Amino acid sequence: MNRWVQGPRSRRYLGASLNRCFIQPCVHHHYFLFPRYTAWMNTTLKSRLRRELRARRQGLSKAQQTIAANQLMLRLIRLPVFHRAQHIAAYIASDDEISPAPLLRYAGLIGKHCYLPKISQTANRNDMDFYRYHFKQTLQPNRYGIGEPSGLRRQPQAANKLDIVLLPLTGFDKEGRRLGMGGGFYDRAFAFKNGKKNQQPIMIGIAHHCQEVDSLPGDDWDIPLDLIVTDRRVIKPRKR
Ligand SMILES: Nc1nc2c(c(=O)[nH]1)N(C=O)[C@@H](CNc1ccc(C(=O)N[C@@H](CCC(=O)O)C(=O)O)cc1)CN2
Ligand SMILES: Nc1ncnc2c1ncn2[C@@H]1O[C@H](COP(=O)(O)OP(=O)(O)OP(=O)(O)O)[C@@H](O)[C@H]1O
């Protein structure tokens with residue numbers, strides 16, 4: 001992965017390399033002089049990666065998908081944070097994302113409160129709220145065709161009152177960077193966490209094993225993952 005377009009968090013990395021190669025000062029200046037250019041490079045890189053990583057998960061068979069969703073559930077319910085949590089947000093799988101459905105069913109059965117995201121239809125089209133969800137509840141497709149609660153009978157749950165959020169990942173790296181579907185919905189809904197330590201909810205990215213990459217480009221607004229759980233393992237990202 002091209003490390004030169006990573007943005008502010010990679011400044012230390014850039015600094016260390018400046019001593020080694022005469023070309024780097026140009027890139028260095030580029031970053032400070034043209035931050036917009038860097039953001040644009042990240043966007044280009046992210047959309048290329050997104051295409052590639054979506055193709056990877058679309059290559060899984062139906063049987064592999066079912067096994068992965070169950071393995072994921074078994075890993076999640078062994079986590080101490082899962083047992084402590086009462087309010088858990090997840091999503092309805094689309095585009096061959098790993099499915100949190102087995103986990104949602106189990107969590108519901110043992111009395112946890114589950115929530116699904118609902119994107120706004122009106123005022124600010126980029127907002128996302130979380131509504132209570134009971135397994136097998138009838139859902140309505142949103143503008144991307146993803147099932148979501150109607151939201152007619154209940155108020156949304158405040159994002160900072162959730163204990164755990166299971167985030168859909170298109171890609172991830174070991175440092176806890178995530179690549180979503182590109183709408184920035186999760187980044188915006190949880191922007192209040194940025195820069196704050198120990199601010200709930202705990203962000204757990206969930207993905208198929210094959211969605212891991214060495215390093216993802218990072219942007220200022222990205223919310224770091226506290227934990228990544230795949231069908232094969234649990235990854236605790238190093239502190240950045
Ligand atoms: N299952 C699930 N539910 C979710 C999300 C998600 O990522 N997964 N979201 C998390 O944000 C929100 C919806 N976000 C989305 C954002 C963009 C696209 C979208 O544009 N899809 C295009 C291709 C995008 C691309 O290739 O860059 C498509 O389906 O063709 C879909 C959903 C809320 N619910
Ligand atoms: N806190 C924020 N405030 C305003 N805009 C934001 C914020 N976070 C992200 N965005 C915007 O959202 C767009 C998409 O961001 P990005 O590519 O990181 O999405 P993503 O993380 O893949 O998507 P998602 O969170 O929906 O899964 C960016 O162009 C960015 O400008």
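Two residues are in contact if their C-beta atoms, placed from the backbone, lie within 7 Å.

Before you click on, a word about what you're looking at. This is a predicted model, where local features need pLDDT of at least 70 and side-chain atom pairs count only at pLDDT 80 or more, while totals for chains, interfaces and linings use all residues. Residues are numbered from 1 along each chain as its sequence is written, and chains are lettered from A and ligands numbered from 1 in the order in which they are written.

**Stop 1: the whole chain.** Of the 240 residues, 31% count as buried. Buried means 20 or more other C-beta atoms within 10 Å of the residue's own, exposed means 12 or fewer, and partly exposed is in between, with C-beta atoms placed from the backbone.

Stop 2: Now pick out the open sheet, which has seven strands in the order 3-2-1-6-9-10-11 and mixed pairing. Two strands pair if DSSP finds at least two bridges between them. At the edges sit strand 3 (128-132) and strand 11 (234-235), each pairing on one side only.

Select strand 9, residues 202-207. Are its residues buried or exposed? Six of the six are buried. On one side you have Ile202, Ile204 and Ile206, and on the other Met203, Gly205 and Ala207.

Next, show the neighbours of strand 9. Strand 6 (164-168) runs parallel to strand 9, joined by five bridges, and here Leu166 stands opposite Ile204. Strand 10 (227-230) is also parallel to strand 9, through four bridges; look for Ala207 with its bridge partner Thr230. Then go to strand 1 (87-89), which pairs with strand 6 in the parallel sense over two bridges. Ala89 faces Val165 there.

**Stop 3: a loop.** Click on Gln155, in the loop between strand 5 (147-148) and strand 6. Why is Gln155 called exposed? Because it has 9 other C-beta atoms within 10 Å. Draw a line from Gln155 to Phe130: they are 25 residues apart in sequence and 9.0 Å apart in space, C-alpha to C-alpha.

**Stop 4: two helices.** Select helix 4 (62-76) and helix 6 (101-109), whose axes are 7 Å apart at an angle of about 45 degrees. Axes are lines fitted to C-alpha atoms, for helices over the stretch in contact, and angles run from 0 to 180 degrees between N-to-C directions. Under 35 degrees is roughly parallel, over 145 roughly antiparallel, 65 to 115 roughly perpendicular and the rest oblique, so helix 4 and helix 6 are oblique to each other. Show the side chains at this contact, including Leu72 and Met73 of helix 4 and Leu103 and Tyr106 of helix 6.

**Stop 5: the ligands.** Finish with ligand 1, surrounded by 19 residues, the closest being Tyr144, Pro168, Met181, Gly183 and Phe185. A residue is near a molecule if its C-beta atom, placed from the backbone, lies within 6 Å of it. Ligand 2 is surrounded by 15 residues, with Gly180, Gly184, Tyr186, Asp187 and Trp221 closest. Helix 7 (185-189) gives the most to that shell, with four residues.
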